[in-house]
Every structure is written in structure tokens, then in C-alpha cells.
Amino acid sequence: MIRRFGLSARQSLGQNFLLDLNLTRRIARAAAPLDIASVIEIGPGPGALTRALLIEGAAHVTAIERDRRCLGALAEIGDAFPGRLTVIEADALQASLPDLVPAPRKIVANLPYNIATPLLLRWLGEIEAYESLTLMFQKEVAQRLAAAPRSKAYGRLSVLAQWLCRVEALFDVPPAAFVPAPKVTSTLVRLTPRPAPLAPCRRDLLERVTAAAFGQRRKMLRQSLRALGGDVGALIAAAEVDPTARAEELSVAEFCALARFIDRPAAG
């Protein structure tokens, strides 16, 4: 199919095709059950994962693809599964997925490395719209998403993702599984939205606190949080966190406590 449609992967689009049907079916099964939700796939390329999702029971798949060269290959898959595949030629960074398909929704995708994190941050901003996100990331990004406090990978992305979702790193995929082979290992991650955020706070304030804390992660909080302005000592006391701790030592709940008091540290 790649040869017939001239689908050589383009670096500018972050394309690394995953063609092994056994592997793509394993990815599809990780997102199961697929028949209870509208399944959205980002960047299907030649459609190996698309086909696997349909084989594994997806009632309907909506595939978002910006590379016009792939549309003919995807049309053949649509013909093989009548009425179960819709292909939309669009840039996923610009598309509003909740406007395209009805709830409940699941996203399953082998994401292009160059836009994986921006896409995830956008979807986290509307996480209540999704049942689950089953996504392939560069292993380094997957480690950051799932990292626990007191680990080198733990950072701003860890806090935000875990605040909103249960994060599971499922399995690694070696470079040789892709065409062309990337220089890094990939990891499949499943993010399941929490019924409510792990602890109450505003996202914008949580992002401010984590930016300050991890921006100087080697410094104690009483130093790194000075970037926030105001009475840092009162803020830390109100949130009941250790002023000598460093950013990587705080739990997600403790960051949320700091965010709750950022504008009113004296409230106690």
C-alpha cells in the first residue's frame, strides 16, 4: 500500500509508520472496549492502526489526517469496513475533536513525535470530553508522564497529567517496529480521566506554581517560589509544605495546595 500510494514517510510531518498488524492490534486492545465510544485516531498514515481498531471491534473510527497522500489508502480501508470509518483531512492541532464526534469518545493514536506534547496539553484542557487517551509517545515523554515524585523524570508534565488522569505506561515499542526506524524507543501510554481532579485548584495557578518550582528544581521551595512574587513564606505555610523541599519532592496534591493559596497565602 505504501508503494502503490507513494507514501514515503516525511520528517516534516513527524511520520514513522507502524505497520505490524500484530502490534497495532495489541495497541487497539489496550484501548478496549472500543464498541462503547466514538474512536478518534490522529495521524493514521497508511492505516495499519485504523485497520486494527476496526478489526478489534470499534463501531466507528474517525481518523484525522493532514497528509493528503494517505487519503487513498484510508479510503480502501473504509471500503473494507463499510460505514465504520470517517476520514477527515485536517490538522489535529487545529481540529476541535469534541465538535467532530459525539460522546463518549476515546482517542487512540501513534502520535507524531513533533506534536505529541502540544496535542496532549490541548486534550488535557478538555479532558472531560474523553473516556480515555491511548497514545504512543517517545519513551522519554512517557516516562515524564508517569513519573513519581523524587525521580529525575518527575516534572511539570507529570503533575498536570496526573492531576487530571490516571497514567499507565503499558509497553515499549522498539525503533525497528517503525518505518522508517526512529532513533528512540516508543512507549504506549493510557491516560484515564479522573472523575474529578486529584485535588482542587485552578489549572492556571497550578501551571504557575510548577513553572516556578521546576524552573529552579535544584533550589529549595523557599527560593524557587520567589518567582511567584508576594510573601513566599506565608504561601508555603498556608499550603503546609516543607520550605526546604525541592520541586521533585512534592506530590501532586501538595502542588495543588500551593496553587490554592497562591493568591491568598495569608488565608490559612
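## Salt bridges

A network of salt bridges links Arg25, Arg29 and Glu56; a salt bridge is a side-chain nitrogen of Lys or Arg within 4 Å of a carboxyl oxygen of Asp or Glu. The model is predicted: local features need pLDDT of at least 70, side-chain atom pairs count only at pLDDT 80 or more, and totals for chains, interfaces and linings use all residues. Residues are numbered from 1 along each chain as its sequence is written, and side-chain values use heavy atoms, leaving out hydrogens and water.

The count is 10 salt bridges. In the one between Arg25 and Glu56, the closest N and O atoms are 2.6 Å apart. This pair links distant parts of the chain, 31 residues apart: Arg25 is in helix α2 (residues 21-30), Glu56 in the loop between α3 (48-55) and β3 (61-65). Helices (H or I, at least four residues) and strands (E, at least two) are DSSP runs, numbered from the N terminus. Arg25 is partly exposed at 29% relative accessibility, and Glu56 is partly exposed at 24%. Here buried means under 20% relative accessible area, exposed over 50%, and partly exposed in between (1.4 Å probe, protein chains only).

## Two further bridges

Lys139 and Asp172 meet in a salt bridge at 3.0 Å, N to O. Lys139 lies in helix α7 and Asp172 in strand β7 (residues 165-173), so the pair ties together parts 33 residues apart in sequence.

Arg217 bridges to Glu248, with the closest N and O atoms 3.2 Å apart. Arg217 sits in the loop between α9 and α10 (221-224), and Glu248 in the loop between α11 (232-239) and α12.

## Aromatic rings

The whole structure holds 2 aromatic pairs. Tyr154 and Phe214 pair edge-to-face, 5.9 Å centre to centre with 75° between the planes. Rings of Phe, Tyr and Trp (its six-membered ring) pair if their centres lie within 6.5 Å; planes under 30 degrees apart count as stacked, over 60 as edge-to-face and the rest as tilted. Tyr154 is buried at 0% relative accessible area, and Phe214 is buried at 10%. Ring pairs link Tyr154, Phe214 and Phe255 into a cluster.

## Nonpolar cores

The largest nonpolar core has 64 residues. Such a core is a set of buried Ala, Val, Leu, Ile, Met, Phe, Trp, Tyr and Cys residues joined through side-chain atoms within 4.5 Å. Ile42, Trp123, Leu135, Phe137, Leu225 and Phe255 touch the most other members. Helix α12 (residues 252-261) gives the largest share, 7 residues. Another core, of 26 residues, lies apart from it and includes Leu18, Ile27, Leu85 and Val173.
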